[in-house]
Amino acid sequence: MAFPYSLVIFDLDGTLVDSAADIAESVNRTLRDWKLPTYGTPQITGWIGEGSRKLITSAFRHAGSDADIDKVMPGFLEHYAETALDGIAYDGVVDTLAALHAEGVKLAVCTNKNEEFVRPLLAARGILSYFDGIVGANTLPERKPSGVPMRYLATQAYVDIDKVLVVGDSESDVLAARDAGMDFVLVSYGYRKSLDLHTAGAVAVIDRMPDLLTVSGSDRLHEVS
């Protein structure tokens, strides 16, 4: 059976790549620079998903610091760049992208990670060539949870909204897909925070990326385990 969508837009961190430990390291290096307490990866993971500025703001406020985030960001971005290539593709991601690409499905990435960090990471994991479009946090005037980046990628790919599928792990992905009027799939292994995966209105909730290949657009919720 042919895959029912012409374009699949993937989130990056927590969906394609497990980068929590690397992001946590960049946050902790920054906190140490400012002589502040550091935190474990699980706690920092709870701050991931809304872009680097909100991430480091959450960390500094949690540490009790009222430092000017504009002054913190340059150092944080340096540390972020130092760890940006360390994220590891989740099990089955590479094979799934290859299968969709071979079928002629267009693929794109929409992430709240700054664009300059996205292409090198995709290249390091050997998957950059599969993607027709990439939008990062600083590519457009709006980012997720706005649907603007999703609609932009659909327009660039010449694909109608009803033939686009969004794959993500967080509330930002859900809100962006809804705002864009697109179907979406949620992965169960990402950085979902308090999001209830099974009541969000996903076409599917999947435990492994290869399960995406079995998704049908006919059901509003089809759990694949």
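I began with helix 1: its 14 residues should span 20 Å at 1.5 Å a residue, and its end C-alpha atoms lie 20 Å apart, which agrees. The expected span is 1.5 Å times one less than the number of residues. Helices (H or I, at least four residues) and strands (E, at least two) are DSSP runs, numbered from the N terminus.

I noted the ground rules next. This is a predicted model, in which local features need pLDDT of at least 70, side-chain atom pairs count only at pLDDT 80 or more, and totals for chains, interfaces and linings use all residues. Residues are numbered from 1 along each chain as its sequence is written, and side-chain values use heavy atoms, with hydrogens and water left out.

**Entry: around helix 1**

Which residues of helix 1 are buried? I found A20, D22, I23, A24, S26, V27, N28, T30 and L31. Buried means under 20% relative accessible area, exposed over 50%, and partly exposed in between (1.4 Å probe, protein chains only). I then looked up what covers these buried residues. The cover includes strand 2 (17-18), helix 2 (41-45), helix 3 (52-62) and helix 4. Contact here means heavy atoms within 4.5 Å. After helix 1 comes K35, whose phi is positive, near 60°.

**Entry: salt bridges**

I took a salt bridge as a side-chain nitrogen of Lys or Arg within 4 Å of a carboxyl oxygen of Asp or Glu. How many salt bridges are there by this rule? The count comes to 12.

I started with R29, which forms a salt bridge with E82; their closest N and O atoms are 2.7 Å apart. This pair links distant parts of the chain, with R29 in helix 1 (residues 20-33) and E82 in helix 4 (residues 69-83), 53 residues apart. R29 counts as partly exposed, at 27% relative accessibility. E82 is also partly exposed, at 48%.

D173 and K144 came next. Their side chains meet in a salt bridge at 2.6 Å, N to O. D173 is in helix 8 (residues 171-180), and K144 is in the loop between strand 5 (133-135) and helix 7 (148-157). The two are 29 residues apart, so I logged another link between distant parts of the chain.

R151 lies in helix 7 and D179 in helix 8, 28 residues apart, and the pair links distant parts of the chain. R151 is partly exposed at 30% relative accessibility, and D179 is partly exposed at 44%. Lastly, salt bridges that share partners join E25, R29, R32 and E82 into one network.

**Entry: N114**

I found N114 in the loop between strand 4 (106-110) and helix 6 (115-124). At 15% relative accessibility, N114 counts as buried. Leaving out residues up to four places away in sequence, N114 touches S52, L77, A137 and N138.

**Entry: cavities and pocket**

Rolling a probe the size of a water molecule over the atoms shows where empty space is left. The search uses a 1 Å grid over the protein atoms alone: a cavity is a set of points where a 1.4 Å probe fits but cannot get out, and a pocket is an open set with protein on both sides within 12 Å along at least five of seven lines. Lining residues have an atom within 4 Å of a point. Grid points are joined across faces, edges and corners, and a volume is the space filled by probe spheres set on the points.

How many cavities of 30 Å³ or more does the whole structure hold? I found two. The largest cavity has a volume of about 220 Å³. Of the 20 residues that line the largest cavity, D13, I48, G49, E50 and N112 are the closest to its centre. Helix 3 and helix 8 are the elements that give two or more residues to this lining. By class, the lining of the largest cavity has six nonpolar, seven polar and seven charged residues. Ala, Val, Leu, Ile, Met, Phe, Trp, Tyr, Cys and Pro count as nonpolar, Asp, Glu, Lys and Arg as charged, and the others, Gly among them, as polar.

The second largest cavity has a volume of about 50 Å³. Helix 1 gives the most to its lining, with three residues. Among the lining residues of this second cavity are D22, I23, S26 and Y80.

Of its 13 lining residues, E50, S170, E171, S172 and K193 are the closest to its centre. The lining of the largest pocket divides into five nonpolar, four polar and four charged residues.
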